[in-house]
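Please have the sequence and the model at hand while reading.

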Amino acid sequence: FDKISDKDVFLEIVEGTTLVRPLIKLVVQNDGSISGKAAFLSVNGNWFWDNELFCRTLIWGERNLGPNCQLVQHNGKIVRFTADEGTGAFADFRIEKN
């Protein structure tokens with residue numbers, strides 16, 4: 001995996017795609033919004049780029065998942081988000097063109 005440290009590079013990879021993993025489908029828009037579904041509940045949130053990290057807030061159903069800044073990596077077919085500035089758990093998402 002290669003580290004994505006630039007917002008524009010990140011957008012080139014995810015714009016016009018859906019990020020998919022089992023029971024989760026998310027769309028990250030260039031306007032700073034996040035939308036989708038996870039485990040049959042709606043997901044909505046916002047994101048911004050800060051010092052080489054993807055920072056997001058998410059609402060999953062009725063639950064506020066709060067803010068988290070994440071390391072982002074890419075290997076061509078997968079985008080990996082690692083929580084807590086790269087020190088936490090990671091989630092791999094397949095990139096599907098819309």
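## Salt bridges in the predicted model

Glu96 and Arg94 join their side chains in a salt bridge, with 2.5 Å from N to O, the term standing for a side-chain nitrogen of Lys or Arg within 4 Å of a carboxyl oxygen of Asp or Glu. Glu96 is partly exposed at 29% relative accessibility, and Arg94 is partly exposed at 40%; here buried means under 20% relative accessible area, exposed over 50%, and partly exposed in between, with a 1.4 Å probe and protein chains only.

The model is predicted, with local features requiring pLDDT of at least 70 and side-chain atom pairs counted only at pLDDT 80 or more, while totals for chains, interfaces and linings use all residues. Residues are numbered from 1 along each chain as its sequence is written, and side-chain values rest on heavy atoms, leaving out hydrogens and water.

A search of the whole structure gives three salt bridges, listed here.

| Pair | N to O |
|---|---|
| Glu96 and Arg94 | 2.5 Å |
| Arg80 and Asp92 | 2.7 Å |
| Glu52 and Lys3 | 2.8 Å |

The salt bridge between Glu52 and Lys3 ties together parts that are 49 residues apart in sequence, because Glu52 lies in the loop between strand 5 (41-50) and strand 6 (53-60) and Lys3 in strand 1 (residues 2-4); strands are DSSP runs of E, at least two residues, numbered from the N terminus. Glu52, at 37% relative accessibility, is partly exposed, as is Lys3 at 48%.

Arg80 and Asp92 also form a salt bridge. This pair links distant parts of the chain, twelve residues apart, with Arg80 in strand 8 (residues 78-82) and Asp92 in strand 9 (residues 90-97). Arg80 counts as buried at 18% relative accessibility, whereas Asp92 counts as partly exposed at 24%.

Technical notes. Helices (H or I, at least four residues) and strands (E, at least two) are DSSP runs, numbered from the N terminus.
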